[in-house]
Amino acid sequence: TAPKILVFAGSAREGSLNKQLAKLAAKRIEALGGQATFIDLKAYPCPLFDEDIEAQGMPENVLKLREILADHQALLIASPEYNGFITPLLKNTLDWLSRPYGDTPGLKLFAGKWAALVAASPGGLGGIRALPLGQQLLANLSLTVLPQPLSLPKASSAFSEGGELINEAVGQRLDTLCQRLVDVLAVTHR
Ligand code: FNR
C-alpha cells in the first residue's frame, strides 16, 4: 500500500490556526499525489505524563494513537509556539508515544519514519523560535526530520474563507515542504 502521512496540530482549541494549517497541509499532500490522514488531538485526550499512571497500564487514547501512528510512515505536525517552545500538548503526546522506552513499540514506533514541522502564529515571527526545538525533539525520537520547516506569521489573517493561504508565495512554500515529504516516502517506502 502507498505510504501515508499522519497530520495533526499541537493545539487542541476549536479555532486553532495550527489545525487550520495542518488541515490545509493534508489537503495539499493529497493534491500532490500523497496520502494524508488529519487527526485532531482533542479527540484523544491523554493525561499529563506520569510514570505512576503508565505503571497502571497505557491510557486507552495512547493505545489508539499508537495504532494510528503504526499505520503511517511519516508525520507532519503544525505546532503553536508557547513561550518560544512547542506546546505541552505536543510534548506530552510524543512522550506517551515514546513509551515504553527502548522496547516495542516505544521508540520503534518512530524509527525509520519521516517528519516535517510547521508553525502558525498570529504574531510576526510565526512561531519560528519553536521550530528548531521541535525538530530536535522529533530527531531524538529517531524520526528523520526534513530541513527547512515552515513558519506562518500573522496567521489570523493568512487563510481565505476556503482555508487556502492567501499569500501565494507562502502557499508555494507549504507545497514545497509537502512535496518533499511525498517524494522521500516514494523513495524510501517503495
Ligand atoms: C502564546 N502565543 C505565542 N505566540 C508566539 O508567536 N510566540 C510565543 O512565544 C507565544 N507564547 C505563547 C504562550 C502561551 C502560554 C499561549 C497560550 C500563547 C500565542 C499563540 O501563538 C496563539 O495563541 C496561537 O493562536 C496558538 O495557536 P493555535 O491554538 O491558534 O493553533
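**Ligand shell.** I sorted the shell around the ligand by class: 6 nonpolar, 8 polar and 2 charged residues. Here Ala, Val, Leu, Ile, Met, Phe, Trp, Tyr, Cys and Pro count as nonpolar, Asp, Glu, Lys and Arg as charged, and the others, Gly among them, as polar. Of the 16 residues around the ligand, I found Ser-11, Ser-16, Asn-18, Pro-80 and Ser-121 nearest; near means a C-beta atom, placed from the backbone, within 6 Å.

**Ground rules.** The model is predicted, so local features need pLDDT of at least 70 and side-chain atom pairs 80 or more, while totals for chains, interfaces and linings use all residues. Numbering starts from 1 along each chain as its sequence is written.

**Gly-10.** I looked up Gly-10 in the loop between β1 and α1; helices (H or I, at least four residues) and strands (E, at least two) are DSSP runs numbered from the N terminus. Gly-10 counts as buried because it has 29 C-beta neighbours inside 10 Å. The cut-offs, with C-beta atoms placed from the backbone, are 20 or more others within 10 Å for buried, 12 or fewer for exposed, and partly exposed in between. Beyond four places in sequence, its contacts (C-beta atoms, placed from the backbone, within 7 Å) include Asn-18, Pro-80 and Leu-90. Its C-alpha lies 7.6 Å from that of Leu-41, 31 residues apart along the chain.

**Helix pair.** I checked α3 (residues 60-70) against α4: about 80°, axes 10 Å apart. Axes are lines fitted to C-alpha atoms over the stretch in contact, and angles run from 0 to 180 degrees between N-to-C directions. So α3 is roughly perpendicular to α4 (65 to 115 degrees; under 35 is roughly parallel, over 145 roughly antiparallel, the rest oblique). Val-62, Leu-65, Arg-66 and Leu-69 of α3 meet Thr-93, Trp-96 and Leu-97 of α4.

Conventions: Two residues are in contact if their C-beta atoms, placed from the backbone, lie within 7 Å.
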